Amino acid sequence: MIKQFIVIFCLCVCSFLSVHCIASEPDEKEYTLLRQVMVEYQIRKRGVTHQRVLEALEKVHRHLFVPEKYRSQAYNDYPLPIGEDQTISQPYIVALMTEILNPNPKKTVLEIGTGSGYQAAVLAELYKEVYTVEIIDILGKRSKKLLSELGYQNIHVKIGDGYQGWKEHSPFDAIIVTCAPSHIPEPLKEQLAEGGKMIIPVGEAHNQKLVLLVKENGIIREKEVIPVLFVPMIRENGKIH
Ligand code: SAH
């Protein structure tokens, strides 16, 4: 009975906010409520329970990472366009991939595919240092500016082909890839620290799987997690890796 009441209450809040948000942009209080509802119903209820991950998702202002016209949809249960034919991932996927890595505030993480900078901001709440590589110049520059305006000092953005990783700062305790290559890049395997974890979507569109790699005693074990749909990992000439 109480459960039913809570569900009905939340549905009412969501529909009120969606209707209200179409009419005018939500204010900060409404965005805070939208974030709380997102974390509870899209993320925690689907099985992501890592407390610090949930707190990071509740803290980072996702609406600041999407183009103005999509702001009121920023906390909805789907990816959104960020320009240059790229997308910001669905909140649940961001949470799931982050939780799988078991983030540690003493460790470093490498992200491939900075995009909007949102995933990097979430990681910055959970890791000591975040290194992130973006191949599209305009996206890399925009995220770098936004992340520095938001005061993140532990995020380092590089423009280049993430297939090659970021050797100077390796090895990384964790690697998260948010674009899909056809195979797991060898340089990323090499740049993974002993005991480290990598989460990466692999395969062509409509046949992609999220794969978890763990390096133990120099040996890498792979495990498929779930089917996913990410934009492809591209080369500097635009062709798919
Ligand atoms: N993590 C992002 C989601 C980005 S979508 C976010 O939170 O918004 C995937 C991104 O990967 C796109 O911005 C795309 O330009 C980038 N990408 C594709 N191929 C790449 C490559 N070889 N190296 C680095 N980034 C790449």
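The model is predicted, so local features need pLDDT of at least 70 and side-chain atom pairs count only at pLDDT 80 or more, while totals for chains, interfaces and linings use all residues. Residues are numbered from 1 along each chain as its sequence is written, and side-chain values use heavy atoms, with hydrogens and water left out.

Helix H6 runs over residues 137–149; helices (H or I, at least four residues) and strands (E, at least two) are DSSP runs numbered from the N terminus. Its 13 residues reach 18 Å from first C-alpha to last, close to the 18 Å expected, that is, 1.5 Å times one less than the number of residues. Leu139, Gly140, Ser143, Leu146 and Leu147 of H6 are buried (under 20% relative accessible area, with exposed over 50% and partly exposed in between; 1.4 Å probe, protein chains only). They sit on the same side of H6 because they cover an arc of only 135 degrees around the axis, taken from the directions from the helix axis to the C-beta atoms. Over on the other side, Lys145, Ser148 and Glu149 are exposed. Just past H6, glycine 151 has a positive phi of about 90 degrees.

As for the cores (buried Ala, Val, Leu, Ile, Met, Phe, Trp, Tyr and Cys residues joined through side-chain atoms within 4.5 Å), the largest has 52 residues, and Leu57 and Tyr118 touch the most other members. A second, separate core of 19 residues includes Val133, Ile175, Val202 and Val211.
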